[in-house]
Amino acid sequence: MNNSIIRRSVLMLNQNYEPLTVCSARRAIVLMFQGKVEMIETANGLKIHTINNEYSLPSVIRLSQYKKVPYKRIMLTRKNVLIRDDYRCQYCHTLKGPMTVDHIIPKKMGGSESWENLVCSCARCNNKKGNRTPEQAMMQLQKRPNRPTFITFIQRNYSIDERWRPYLFLDSKKFTVTT
């Protein structure tokens, strides 16, 4: 098997078509042979060849039985704040220069370490704002920050295969299953 093919990302759905996670094609194939998942979408005609057979490579799989999973929360980390804000300064909207994480309400004024109080900021804007609120520094946020959802996290961290779009709520078209 070609290593790059079996390392491809596969979207895993719960039995009710709710996005669960992203796994490798290798893991998806093993789950298919164990009868734990069914293939919903193929990977654009890619095949895996064995001595006797050939199998379509999955792009989207669905669990055969519904699994109750706890609500998935995205960890609050510097990297995830930068990803949420698309590595774009939330004050001047630039993509240039080193990016930092800024507390909208500074810690010394009681600002918290939360999704709603942290934004991506270029070094220039972070220095200009200093230990003040945006209003005190006469700066304006481009948009109010919020906690990302798990689906948003998948959308931003993985290159989205066209076949994943309906399952990640990226299409306005009605949901249809193709066989």
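**A chat about the predicted model**

Q: Where does Asp102 sit?
A: Asp102 is placed in strand 5, which covers residues 99-103, where helices (H or I, at least four residues) and strands (E, at least two) are DSSP runs numbered from the N terminus. This is a predicted model, in which local features need pLDDT of at least 70 and side-chain atom pairs count only at pLDDT 80 or more, while totals for chains, interfaces and linings use all residues. Residues are numbered from 1 along each chain as its sequence is written, and side-chain values use heavy atoms, with hydrogens and water left out.

Q: Is Asp102 buried or exposed?
A: Asp102 is buried, because its relative accessible area is 4%; buried means under 20% relative accessible area, exposed means over 50%, and partly exposed lies in between, with a 1.4 Å probe and protein chains only.

Q: And which residues does Asp102 contact?
A: Leaving aside neighbours within four places in sequence, Asp102 is in contact (heavy atoms within 4.5 Å) with Tyr91, Asn117, Leu118, Val119, Ser121, Asn126 and Lys129.

Q: How many residues apart in sequence are Asp102 and Asn127?
A: Asp102 and Asn127 are 25 residues apart in sequence, and their C-alpha atoms are 9.7 Å apart in space.

Q: Which backbone atom lies 3.3 Å from a polar atom of the Ser121 side chain?
A: That atom is the backbone nitrogen of Asn126.

Q: New topic: what order do the elements of the protein run in?
A: From the N terminus on, the order is α-β-β-α-β-β-α-β-β-α-α, and the protein has five helices and six strands.

Q: How does the radius of gyration look against that of a compact globule?
A: The protein has a radius of gyration of 21 Å, whereas a compact globule of 179 residues would have one near 16 Å; the radius is taken over C-alpha atoms, and the globule rule is 2.2 Å times the number of residues to the power 0.38. Along the principal axes, the C-alpha atoms fill a box of roughly 70 × 35 × 30 Å.

Q: What share of the residues is buried?
A: Buried residues make up 37% of the 179 residues. As for contacts between residues at least 6 apart in sequence, 58% of them join residues at least 24 apart.

Q: What about Leu168, buried or exposed?
A: Leu168 counts as buried, because its relative accessibility is 0%, and its place is in the segment after helix 5. Leaving aside neighbours within four places in sequence, the contacts of Leu168 are Leu11, Pro19, Ile151, Ile154, Gln155 and Ile160. Leu168 and Thr152 are 16 residues apart in sequence, with 8.5 Å from C-alpha to C-alpha.

Q: Which value does phi of Asn44 have?
A: Phi of Asn44 is near 50 degrees, which is a positive value in a residue other than glycine. Most residues other than glycine have a negative phi. Asn44 is in strand 3 and counts as exposed because its relative accessibility is 63%.

Q: And what is the phi of Met138?
A: Met138 has a positive phi of about 55 degrees although it is not a glycine. Met138 lies in the loop between helix 4 (123-129) and helix 5 (150-157), and it counts as exposed because its relative accessibility is 76%.

Definitions and conventions. A polar contact is a pair of N or O atoms within 3.5 Å; within protein, one must be able to donate a hydrogen and the other to accept it, and residues adjacent in sequence count only if both atoms are side-chain atoms.
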